[in-house]
Amino acid sequence: TGTLTKGLFEVNDLLLTDHDGDPSIDPLQFAASLESKSSHPLSAAIITEFRGCIANSFFDDNLLPAQRIENVVGVGMSGWIAIDKNESDWLYCAVGNERILTSTINGVKCNSTAKALKQYEEFLAKHSKSGASILICSIDDKLRLLLARSDTLRDEAAIMVNVLEKKVGITVTMLTGDHHGIAYHVAD
């Protein structure tokens, strides 16, 4: 991030999954409300997707109150999001990678329908070769939202690697913590 890519992430695709939760709950609003409590550079993509533009936060903030926020190492983050600005009721929300589907986070395990899990598999397959990372939003222990998020390659990245290898004689190897699909996409 920021070396071969621009470091400016955006949401390329999103899918509301099949669920039996409250239809008045906007999973993207919940994800953005949770991510607004993070300083991670990837969070801005979700907030911008919800707001339409980061500048909209100066005029009308539709993010919901969040509390008891925790970063879950290697997974993402979790916390409690108010269902409205009155803070009359709260739902548990987790946003992160595929480990949300198999991990117990703060005593809560994602118990999604077979249809929602099938939607996840199809969404993952659709985006696996595009270089997008898949983010999962679970609300009240159910898979509710899938996001495909990616960074843009720097125009000069291929030229730089070519110069290092051919003109300077350095063998270039990419080391990344990203998903292997993203690594293959960038390496191509």
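Let's start with what a helix is here: helices (H or I, at least four residues) and strands (E, at least two) are DSSP runs, numbered from the N terminus. With that in hand, Ala114 sits in helix H3, residues 114-127.

Before going further, some housekeeping. What we have is a predicted model, where local features need pLDDT of at least 70 and side-chain atom pairs count only at pLDDT 80 or more, while totals for chains, interfaces and linings use all residues. Residues are numbered from 1 along each chain as its sequence is written, and side-chain values use heavy atoms, with hydrogens and water left out.

Okay, the overall layout. The chain has 5 helices and 8 strands. Reading from the N terminus, the order is β-α-α-β-β-β-β-β-α-β-β-α-α. Of its 188 residues, 39% count as buried; buried means under 20% relative accessible area, exposed over 50%, and partly exposed in between, with a 1.4 Å probe and protein chains only. The chain exposes about 10,800 Å², and carbon and sulfur atoms supply 52% of that. Those accessible areas come from the Shrake-Rupley method with a 1.4 Å probe, and for residues only the protein chains shown count as cover.

A contact, by the way, means heavy atoms within 4.5 Å.

Now the inside. A nonpolar core is a set of buried Ala, Val, Leu, Ile, Met, Phe, Trp, Tyr and Cys residues joined through side-chain atoms within 4.5 Å. The general background is that, in soluble globular proteins, nonpolar side chains tend to be buried together. In this chain the largest such core has 26 residues, and Phe30, Ile46, Cys93 and Val95 have the most contacts inside it. H1 gives the most, with 5 residues. Apart from that core there's another one, of 16 residues, including Val72, Ile100, Ala132 and Leu143.

Leaving aside neighbours within four places in sequence, Cys93 touches Phe30, Leu34, Met77, Ser78, Gly79, Ile81, Cys137, Ser138 and Ile139.

Next, the aromatics. Rings of Phe, Tyr and Trp (its six-membered ring) pair if their centres lie within 6.5 Å; planes under 30 degrees apart count as stacked, over 60 as edge-to-face, and the rest as tilted. Searching the whole structure turns up 1 aromatic pair. That's Trp80 with Tyr92: the ring centres are 5.5 Å apart and the planes meet at 65°, so we call it edge-to-face. Trp80 belongs to strand E3 (residues 76-82) and Tyr92 to strand E4 (residues 90-96), so the pair ties together parts 12 residues apart in sequence. Are the two partners buried or exposed? Trp80 is partly exposed at 29% relative accessible area, whereas Tyr92 is buried at 6%.

On to charges. A salt bridge is a side-chain nitrogen of Lys or Arg within 4 Å of a carboxyl oxygen of Asp or Glu, and the structure holds 3 of them. One joins Asp13 and Lys126, with the closest N and O atoms 2.9 Å apart. This pair links distant parts of the chain, Asp13 in strand E1 (residues 10-16) and Lys126 in helix H3, 113 residues apart. Lys126 is exposed, at 57%. Another is Glu122 with Lys118, at 2.8 Å from N to O. Those two are 4 residues apart in helix H3, so about one helical turn separates them. Then there's Asp141 with Lys142, at 3.1 Å; Lys142 is partly exposed, at 24%.

Last stop, the surface. Patches are made of residues with over 30% relative accessible area and no salt bridge: like charges are joined within 9 Å, nonpolar side chains (Val, Leu, Ile, Met, Phe, Trp, Tyr) within 5 Å. Ile159, Val163, Val168, Ile170 and Val172 make a nonpolar patch of about 400 Å². Ile159 lies in helix H4, residues 157-167, and is exposed at 56%. Ala157, also placed in helix H4, is buried at 7%.

And back to Ala114: that residue is exposed, at 63%, and its C-alpha atom is 9.1 Å from that of Asp18, 96 residues away along the chain.
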